[in-house]
Amino acid sequence: FGAKVRYMLVIILIHTTAITIFLLIPVIDHWYIDKLSYSKKNWEIITNKYSQDIDKIIDENYETRWSTGAPMKKGDFVCIDAGQNIKLSQIRFDLRDKAENDFPPKLIALHSQNGEQFKEIENIRCERQNHIWILNFPKIITRWIRIEVVQRSASYWWSIYELNLLK
């Protein structure tokens with residue numbers, strides 16, 4: 001997913017048997033991810049569902065969220081205006097562990113230079129790492145990004161605690 005992985009050496013001492021156990025534990029370098037994320041200062045977000053809370057997906061507060069307020073339907077969308085053209089290769093949706101299933105079963109990601117004519121982002125690989133859904137794709141230059149639900153969910157809402165766009 002583009003982040004550097006470091007390994008942290010953990011030494012565990014078990015005093016009763018005098019055995020030392022060495023473990024290599026992978027640690028995601030969050031500093032590196034933060035360096036790749038674009039500032040959200042000039043972003044504008046629009047949605048066709050529950051718009052009064054939409055700014056919560058960019059408020060840097062992982063305790064707040066936006067959701068559709070009802071089960072997802074085809075056509076529900078979130079659209080981001082980055083405020084300027086950016087080079088983009090990854091979109092990250094943090095769902096926290098409270099709402100890890102609140103993500104579209106099928107979606108389409110579109111981009112635009114002018115906010116009117118949208119084109120599908122091609123060659124998307126979608127992956128999940130714990131409570132974070134990640135869309136990876138070849139680098140594009142764009143200003144507007146639109147994520148749209150293509151397949152409805154009978155019971156799950158679409159929730160986003162925090163959204164990040166990465167270079």
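How many bridges join strand β5 to β11, and do the two run parallel or antiparallel? This is a predicted model, in which local features need pLDDT of at least 70 and side-chain atom pairs count only at pLDDT 80 or more, while totals for chains, interfaces and linings use all residues. Residues are numbered from 1 along each chain as its sequence is written, and side-chain values use heavy atoms, with hydrogens and water left out.

Select residues 77–94, strand β5, together with β11: 5 bridges join them, and they run antiparallel. Strands (E, at least two residues) are DSSP runs numbered from the N terminus, and two strands pair if DSSP finds at least two bridges between them. At Asp 94, look across to Glu 162 in β11, which stands opposite.

Now select residues 162–166, which form β11; 5 of its 5 residues are buried. Buried means under 20% relative accessible area, exposed over 50%, and partly exposed in between (1.4 Å probe, protein chains only). Glu 162, Asn 164 and Leu 166 point one way from the strand, and Leu 163 and Leu 165 point the other way.

Next, go to Tyr 50, in the loop between β3 (44–47) and β4 (66–67). Tyr 50 is not a glycine, yet its phi is positive, about 50 degrees. Its relative accessibility is 40%, so Tyr 50 counts as partly exposed.

Move on to Asn 123, in the loop between β7 (119–120) and β8 (125–129). Asn 123 also is not a glycine and has a positive phi, near 55 degrees. Asn 123 is exposed, at 56% relative accessible area.

Last, select Cys 79, which is buried at 2% relative accessibility, and Cys 126, which is partly exposed at 44%. A disulfide is a pair of cysteine sulfur atoms within 2.5 Å; by this rule there are 0 disulfides.

Technical notes:
Helix = DSSP H or I, 4+ residues; strand = E, 2+ residues; numbered from the N terminus.
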